[in-house]
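Subject: Handing over a structure, with notes

Dear colleague,

I am passing on to you the structure that follows, together with some notes on what was found in it. Please keep it open beside this email as you read.

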Amino acid sequence: MKNKTDKAEEQKTREPTVENIRDLILDAKKKAYAETDSEPEPELTSTVEWPVTCTVGPGLEGAIACESKIGYVNGSKGWLIYRGYDIFDLCAYSTFEETSYLLLHGRLPSQSELTEFTTSLRERMFIPQTQRLMLSFPIETMNPMSALRLGTNLMRQKQTYRDRDSDTEVGEILATDDDTIPMETRPAGKKNPVFEFLTGLFKRVHPASADALVGSDEIESCYNLIAGVASVAATIGRTRAGRIPLEPLPECGFAGNYLYMVTGKRPTALEERIMDISLILHADHGMNASTFASMVVASTLSDIYLAIGAGISALSGPLHGGANVEVVKMLAEIGDPSNAGNWFRDTTAAKKKIMGFGHRVYKAYDPRARILGPISALLTENDATLKKTYATAVALEAEVVSELGATKKIFPNVDFYSGIVYSAMGIPRELYTTVFAVSRVAGWCARVVEYLENNRIFRPRALYTGTFDEKYIPPNER
Ligand SMILES: CC(C)(COP(=O)(O)OP(=O)(O)OC[C@H]1O[C@@H](n2cnc3c(N)ncnc32)[C@H](O)[C@@H]1OP(=O)(O)O)[C@@H](O)C(=O)NCCC(=O)NCCS
């Protein structure tokens, strides 16, 4: 039997504090490493001579699209690495600003670089003109991811088109009373957003490295996007709640400001830390659908704002980032831990997928779920409703893993526990996927910039399985 001191000690470790959260992440790391060995997959971690031979399944499963130094997912062992750093260590010790810098620049910043970058992101979170433009759209009735894409586009307008070129009159571009659309002239760098990567200078199109871009338009656009998408996402939350958008606070870091701008409440150190962790662990994940979508768009030498818009669109689907919203709806439908077994059996009998489970790459426990699961346990401890939601999630996980873990290697993914964490921080359900986007922008930008160093337009083939030799018959004869 536990004595009083043991119980008090146990109670202390169950208190949600910044220190306990760090310990919990380091414990999750130990558990993960105890369950898997530590060899990377040679076929996925060495350089190759192109063209490369690989076996491609439906949905491009197994296809190698490019080489990258940004991040590595080892699906059979449950690893996630950003630029050589383990996700558990980054979540335990880093901040979202530092992780974004790492992804973009390939190395951790010095203290002064980090301070400068943090300040720069905070300044770039001020996007009053974009916020004002957004208010002229029916944001409150739009799907938040659709609104996020719109807001990102409006930000692009401001950054790349009208406001950046102060000498450019709107009327010069296209007035509504023009009776003809003027001929397009050859796009010229800053003046034309469509060719933002193509400024006429070869080194701009093929920069030697992301570092070589510091101070240039392209990296500036990445900084604008990382900061601005957070403000746009927060504006959507505020507008939907019938409140006016907020500006960032000078004393808060990125995660704290984002949370403040969404909820309107100054976050506690614990809330800021948890948001940092959530943003860090969603920041990059190999060639996932939204990253690939961004890269495909950028590979046409379109611009980075449009590329990120494509990423937002791809992320919104329920098979990708949209799953975090579906998970909490599903847990509400199950209602109680005691219903999890029957619900699971009915759902599998109906051959329906269970949201928040399974992954194209992970065939082991997702390291991000290893972090978010215990955090949600800690955060829901003192809230009866959330505690029940968490208990329902745990009961469902037990059912799914015992049945599908062994047979199909299906385990919880990042989206299974994230919604519970966001909910505990006062973020409304419909905004969960926008939180994912706020973070993933860092990975999208880093991968787009890296790919453009040796850009080649993405252009796969489809196997034609249609007919030949059809004779054209005019409509009135069909
Ligand atoms: C993530 C996901 C889209 C990956 O899809 P995929 O790589 O194409 O995997 P498949 O759909 O081919 O699944 C392989 C097998 O596992 C099963 N499976 C995969 N995910 C499942 C889930 N969530 N629930 C139940 N069964 C699942 C499939 O039915 C299939 O079984 P079969 O071989 O008997 O037909 C898929 O696991 C899924 O839809 N998960 C739910 C949505 C989700 O949580 N998305 C967020 C991902 S981070």
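Two strands are said to pair if DSSP finds at least two bridges between them, and strands (E, at least two residues) and helices (H or I, at least four) are themselves DSSP runs, numbered from the N terminus. Please bear in mind that this is a predicted model, in which local features need pLDDT of at least 70 and side-chain atom pairs count only at pLDDT 80 or more, while totals for chains, interfaces and linings use all residues. Residues are numbered from 1 along each chain as its sequence is written.

The sheet

The strands form an open sheet of three with the order S1-S2-S3 and antiparallel pairing, in which S1 and S3 are the edge strands, each pairing on one side only. In general, strands of a sheet pair through backbone hydrogen bonds, either parallel or antiparallel. Strand S1 (residues 71-74) is joined to S2 by four bridges, and Gly71 has Tyr82 as its bridge partner in S2. Between S1 and S2 lie four residues of a hairpin, where Gly78 in the turn has a positive phi of about 75°.

Which way do the residues of strand S2 (residues 79-82) point? Trp79 and Ile81 point one way, Leu80 and Tyr82 point the other way, and all of them are buried; here a residue counts as buried if 20 or more other C-beta atoms, placed from the backbone, lie within 10 Å of its own, as exposed if 12 or fewer do, and as partly exposed in between. In a regular strand the side chains alternate between the two faces of the sheet.

The chain and its core

The secondary structure of the chain comes to 20 helices and three strands, and buried residues make up 44% of its 478 residues. Two residues are in contact if their C-beta atoms, placed from the backbone, lie within 7 Å, and of the contacts in the chain with a separation of 6 or more, 76% are between residues 24 or more positions apart.

A nonpolar core is a set of buried Ala, Val, Leu, Ile, Met, Phe, Trp, Tyr and Cys residues joined through C-beta atoms within 7 Å. The largest such core has 121 residues, and those with the most contacts inside it include Val229, Tyr258 and Cys445. Its largest share, 14 residues, comes from helix H20 (residues 432-453). Tyr258 is in contact with Ala230, Ala234, Met275 and Val438, leaving aside its neighbours within four places in sequence.

Some of the helices

Phe96 is found in helix H4 (residues 96-105). Why does Phe96 count as buried? The reason is that 28 other C-beta atoms lie within 10 Å of Phe96. Not counting residues up to four places away in sequence, Phe96 touches Phe254, Ala255, Asp276, Leu279 and Ile280, and its C-alpha atom is separated by 8.3 Å from that of Ala283, 187 residues apart along the chain.

Helix H14 (residues 304-315) is mostly covered, since 10 of its 12 residues are buried, among them Ile304, Tyr305 and Leu315. Helix H15 (residues 323-334) has 12 residues and reaches 16 Å from its first C-alpha to its last, close to the 16 Å expected, where the expected span is 1.5 Å times one less than the number of residues. The buried residues of H15 include Ala323, Val327 and Ile334, and the buried residues of this helix pack against helices H16 (340-349), H18 (384-408), H19 (414-424) and H20. Just after H15, Gly335 takes a positive phi of about 85°.

Around the ligand

A residue is near a molecule if its C-beta atom, placed from the backbone, lies within 6 Å of it. Of the 17 residues around the ligand, Ala323, Lys353, Phe357, Gly358 and Arg360 come nearest. Gly358 lies in the loop between H16 and helix H17 (367-380), and it counts as buried because it has 20 C-beta neighbours inside 10 Å. Gly358 and Phe411 are 53 residues apart in sequence and 5.7 Å apart in space, C-alpha to C-alpha.

With best wishes
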